Structures are given as C-alpha cells and as structure tokens.
Amino acid sequence: MPQHSETRQLPYTPEQMFDLVADVARYREFLPWVTAVRVRSDSPTEMVADLVVGFSALRERFTSRVAKERPASIHVDYVDGPLKHLHNDWRFRADGQGGCFVDFSVDFAFRSRMFEALAGQVFDRALRKMIGAFETRAAALYPSRAVDGSNRSSATSAA
C-alpha cells in the first residue's frame with residue numbers, strides 16, 4: 001500500500017493554502033487525471049465529494065469525506081470506490097515569515113492487486129506531479145506571494 005508524507009515551506013499563508021486545498025470543486029481545472037468532480041454536500045466543516053480519475057482508458061469514481069478545520073487542517077477519508085482505504089491529511093502552519101509549512105500525508109490501498117502493483121510503479125512520479133500542480137495553482141492564485149526556489153521540503157514514501 002503506497003504511503004507518503006512530506007513537509008514543504010511555501011510563501012503563502014495558511015489561509016491561502018487551506019482555501020486552495022479545500023476548493024475541491026475546482027480540482028478538475030488543475031489536477032492531472034481528475035476528469036470530473038461532483039460536490040454532494042459542503043459546509044464550513046465538512047464536504048462529501050465524488051471525483052472521477054482517469055488514466056488512459058481507465059476511469060474510476062470515488063467518494064470522499066473531507067473534514068475541514070480552517071485554517072489549520074484538512075482530513076480526507078475514503079467513502080466508496082475502487083480502493084480498500086484512503087487517508088489524506090493536510091496541515092497548514094505559519095512559518096513566522098509570512099508563509100507557511102504544509103504537512104501532507106497520504107496512505108491508500110487498492111482492492112485489486114493488479115492496480116496495487118501498477119500504483120506502486122508510478123506512485124512517486126504521480127505524487128510529485130500532483131503536489132507540483134497544487135504549487136503551480138497557488139502561484140497562479142496568489143502571484144504576489146510566489147517566489148522561485150523559496151520552498152524547502154522533506155519527504156518520506158513507501159510503496
């Protein structure tokens with residue numbers, strides 16, 4: 001089962017990063033492989049959403065419950081779809097310099113051994129692409145805050 005955790009220092013406020021990550025309805029606009037989004041319910045503290053993720057001819061829909069604690073954290077739990085489980089956590093902490101630390105972790109497993117084996121082969125590359133998409137989106141939304149080379153990160157992963 002693929003797992004990954006990482007901390008990045010970014011030049012955006014915790015509130016800005018929280019808003020970006022919590023805006024699930026717009027994921028299709030910037031996240032690779034997200035082909036459709038349907039928000040079933042949304043409140044200041046919880047959201048339930050369906051995402052359709054596509055890789056070549058393969059398309060899978062999954063439903064997640066998103067717990068939101070503005071501006072400190074977002075926790076995603078899997079509800080339904082092709083996975084055994086999915087846990088995804090985002091934590092946003094001020095860095096004392098006008099930016100923030102973003103702590104990100106994900107842990108998931110597919111029901112299918114074939115999908116699990118495929119995921120293990122491309123997990124790190126796909127994850128880097130998705131994290132990069134969030135950073136690119138932040139730079140587009142908050143251009144006056146973007147500074148090249150300003151992030152420092154540390155990561156651990158296991159497939």
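Visitor: What should I know before I start?

Guide: The model is predicted, so to speak of local features we need pLDDT of at least 70, side-chain atom pairs count only at pLDDT 80 or more, and totals for chains, interfaces and linings use all residues. Residues are numbered from 1 along each chain as its sequence is written, and side-chain values use heavy atoms, with hydrogens and water left out.

Visitor: Okay, strands. Which strands does S3 pair with, and in what sense?

Guide: Two strands pair if DSSP finds at least two bridges between them. Here S2 (residues 34–42) and S3 pair in the antiparallel sense over 7 bridges, and S3 pairs with S4 (residues 58–69), also antiparallel, over 10 bridges. To get your bearings, Ser 41 has Val 48 in S3 as its bridge partner, while Val 53 stands opposite Glu 60 in S4.

Visitor: How many residues sit in the hairpins?

Guide: The S2 to S3 hairpin runs through 3 residues. Between S3 and S4 there are 2, and in that hairpin Ser 56 takes a positive phi near 55°.

Visitor: Is S3 (residues 46–55) mostly covered or mostly open?

Guide: Mostly covered: 7 of its 10 residues are buried. Buried means under 20% relative accessible area, exposed over 50%, and partly exposed in between, with a 1.4 Å probe and protein chains only.

Visitor: Now the rings. What describes an aromatic pair?

Guide: The distance of the centres and the angle of the planes. The cut-offs: rings of Phe, Tyr and Trp (its six-membered ring) pair if their centres lie within 6.5 Å, and planes under 30 degrees apart count as stacked, over 60 as edge-to-face, the rest as tilted. This structure holds 8 such pairs. One of them is Tyr 27 with Phe 134, edge-to-face at 5.6 Å centre to centre and 90° between the planes.

Visitor: What about Phe 30 and Phe 134?

Guide: Their centres are 5.4 Å apart and their planes at 80°, so that pair is edge-to-face. Phe 30 in H2 and Phe 134 in H3 are 104 residues apart, and Phe 30 counts as buried at 16%. Ring pairs link Phe 18, Tyr 27, Phe 30, Trp 90, Phe 92, Phe 104 and Phe 134 into a cluster.

Technical notes: Helices (H or I, at least four residues) and strands (E, at least two) are DSSP runs, numbered from the N terminus.
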